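Colleague: I am new to this structure and would like to learn how to read it. Could you walk me through it with me asking as we go?

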Amino acid sequence: MKNHSPQVKVDAVALYQSRPEATIRQVAADLVITPETLRYWVRGAGASRPRGRRAAALPEPPMPPEVENTTLRQRVRELEEEHEILRKGARYFAGETRW
């Protein structure tokens, strides 16, 4: 068992709090300590933040229907073009000579 100085513990907790996208496991791996050690330090410091999937970014506000429709129509066109390219490629590799 290693004894870490109080400053190391404070710095580790501060690093964890400064990286909201990182998990305890990731920060602990960066610091070469066990996740349980860092979890213990974080709890001892009274630090908290949303955990897991709940920490995901807030959803974007809904788009007006006109903007959403325009965006969706554009995406449909892109997908139809991609589908056509793939269909032509499949025919070519299947031995059909006409495009």
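Predicted model: local features only at pLDDT ≥ 70, side-chain atom pairs only at ≥ 80, totals over all residues.

**Reading the helices, the core and the salt bridges**

Modeller: Happy to. Residues are numbered from 1 along each chain as its sequence is written, and side-chain values use heavy atoms, leaving out hydrogens and water.

Colleague: What do buried and exposed mean, and what counts as a helix?

Modeller: Buried means under 20% relative accessible area, exposed means over 50%, and partly exposed lies in between (1.4 Å probe, protein chains only). Helices are DSSP runs of H or I with at least four residues, strands are runs of E with at least two, and both are numbered from the N terminus.

Colleague: Which residues of α3 are buried?

Modeller: Leu38, Trp41 and Val42 are buried in α3, which covers residues 35–45. Seen down the axis of α3, its buried residues fall within an arc of 100 degrees, so they line one face of the helix. That arc is taken from the directions from the helix axis to the C-beta atoms. These buried residues pack against α1 (6–18) and α2 (24–31), with contact meaning heavy atoms within 4.5 Å. Just after α3, Gly46 has a positive phi of about 75 degrees.

Colleague: How does the span of α1 agree with its number of residues?

Modeller: The expected span of a helix is 1.5 Å times one less than its number of residues. For the 13 residues of α1 that should give 18 Å, and the end C-alpha atoms are 18 Å apart, which agrees.

Colleague: And which residues of α1 are buried?

Modeller: Ala12, Val13 and Tyr16 are the buried ones. They cover an arc of only 95 degrees around the axis, which puts them on the same side of α1. Val10 and Ser18, on the other side, are exposed. The buried residues of α1 pack against α2 and α3.

Colleague: What is a nonpolar core, and how many residues has the largest one here?

Modeller: A nonpolar core is a set of buried Ala, Val, Leu, Ile, Met, Phe, Trp, Tyr and Cys residues joined through side-chain atoms within 4.5 Å. The largest here has 12 residues, including Val13, Val27, Ile33 and Trp41. Helices α1, α2 and α3 each supply at least two residues of this core. Ile33 touches His4, Ala28, Leu38 and Trp41, not counting residues up to four places away in sequence.

Colleague: How many salt bridges are there?

Modeller: The count comes to 4, a salt bridge being a side-chain nitrogen of Lys or Arg within 4 Å of a carboxyl oxygen of Asp or Glu. One of them joins Arg19 and Asp30, with the closest N and O atoms 2.7 Å apart. This pair links distant parts of the chain, 11 residues apart: Arg19 is in the loop between α1 and α2, and Asp30 is in helix α2.
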